Amino acid sequence: MLQSPGFVYQPRLHKTENSVKYPKRTPKQQGEIQRLYDEAKLQYDQSSWSSSIEALLGAKSLPAITKIVSLGLGSLYEKSKDQPRRLKQLAMLLGVAEYLRSASCPEINIYAQDPSFTKADEALLRSMGVQVLKTTSPADLGEAGRVIDERTLVYSPFLTIEAYELLLGTCTVDLLVGDDFNALRSKWKKHTAEHRQVEHLMKSCVSQYQRRSISGNGFWRDDDRHFPMALYNRGHHIRRQTGAKDQSSRNQLLPDIQPRGETPRARL
């Protein structure tokens, strides 16, 4: 969704802790979610995966960040084989925010948007200091489209290609932590519709970014249904280039990461 001229987005003020009517959740549910999250956060903090991200985010060429917007996190309370991965993605989101606040950006605001969020999910996120944005459809950027600007880190692992097309084709995204598009392209065989769709996205939008793959051990396991991730920066690097063709050639020199098996992908 495009921002109208002169429009300044002001996030809604949330009610105080005492006045919010939280949805009914059993103590067992709350305890299980808290346990899984605490385990994921500890694994993240102690992993070389988090060290890899922090090294990338500490680069001097990155823009000053005032917001983090998470897209496609998925329902945290929904019981499924993807639940552990979603809680790990939440742990990673909050870990990134902690690092940026301690390093150089103490006033960062955190937002999250996903059409599958339940009332329980929203209450959990707000209790962790995350403001919940709304969208009426996976095909609409909703409130996130008005929050994202040139000082926003967009955190979007596991989005659909259609959602990435909407995001990168509509918003000014200078910094993105999400799926590794090189790995995503190699996920499908050449000449398939999916391969062509990813390739077109890379040529039309992703070629404008500098890509740095995220690597490291101690966080993701095979049963987490994780997909390779990368940081994409469209900052000082692009302003030094003479055109998108030169940048596309630079990206081809960076190594591909072979993805794991097919997994359903989240929506906006």
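These legends describe close-up views of a predicted model.

**View 1. The whole chain of the predicted model****.** The protein chain holds ten helices and seven strands. It has 268 residues, and 50% of them count as buried. Contacts between residues at least 6 apart in sequence were considered, and 75% of these join residues at least 24 apart.

**View 2. Helix α3, residues 83-103****.** The helix has 21 residues. At 1.5 Å a residue, α3 should span 30 Å. Helix α3 is mostly covered, with 15 of its 21 residues buried.

**View 3. Helix α1 against helix α3****.** Helix α1 covers residues 27-46. The axes of α1 and α3 come within 8 Å and cross at roughly 55 degrees. Angles from 65 to 115 degrees count as roughly perpendicular and those under 35 as roughly parallel; α1 is therefore oblique to α3. The crossing is right-handed. From α1, the residues in contact are Ile33, Leu36, Tyr37, Ala40, Lys41, Gln43 and Tyr44. They meet Gln83, Leu87, Lys88, Leu90, Ala91, Met92, Leu94, Gly95, Val96 and Glu98 in α3. By class, this contact has eleven nonpolar, three polar and three charged residues.

**View 4. Tyr37 and its contacts****.** Tyr37 sits in helix α1. Its relative accessibility is 9%, so Tyr37 counts as buried; the cut-off for buried is under 20%. Neighbours within four places in sequence are left aside here. Tyr37 is then in contact with Leu87, Leu90, Ala91, Leu94 and Met128. An α-helix has 3.6 residues a turn, so residues three or four places apart point the same way. Gln89 lies 52 residues from Tyr37 in sequence. In space, the two are 9.7 Å apart, C-alpha to C-alpha.

**View 5. Helix α6 beside helix α8****.** Helix α6 covers residues 161-170, and helix α8 covers residues 193-204. Their axes come within 11 Å and cross at roughly 15 degrees. That angle makes α6 roughly parallel to α8, because angles under 35 degrees count as such. Helix α6 passes α8 in a left-handed crossing. Ile161, Glu162, Tyr164, Glu165 and Leu168 in α6 meet Gln197, Val198 and Leu201 in α8. By class, the contact has five nonpolar, one polar and two charged residues.

Conventions: Residues are numbered from 1 along each chain as its sequence is written. This is a predicted model: local features need pLDDT of at least 70, side-chain atom pairs count only at pLDDT 80 or more; totals for chains, interfaces and linings use all residues. Side-chain values use heavy atoms; hydrogens and water are left out. Helices (H or I, at least four residues) and strands (E, at least two) are DSSP runs, numbered from the N terminus. The expected span of a helix is 1.5 Å times one less than its number of residues. Buried means under 20% relative accessible area, exposed over 50%, partly exposed in between (1.4 Å probe, protein chains only). Axes are lines fitted to C-alpha atoms, for helices over the stretch in contact, and angles run from 0 to 180 degrees between N-to-C directions. Angles under 35 degrees count as roughly parallel, over 145 as roughly antiparallel, 65 to 115 as roughly perpendicular and the rest as oblique. A crossing is left-handed if the near helix is turned anticlockwise from the far one by less than a right angle, and right-handed if clockwise. Contact means heavy atoms within 4.5 Å. Ala, Val, Leu, Ile, Met, Phe, Trp, Tyr, Cys and Pro count as nonpolar, Asp, Glu, Lys and Arg as charged, and the others, Gly among them, as polar.
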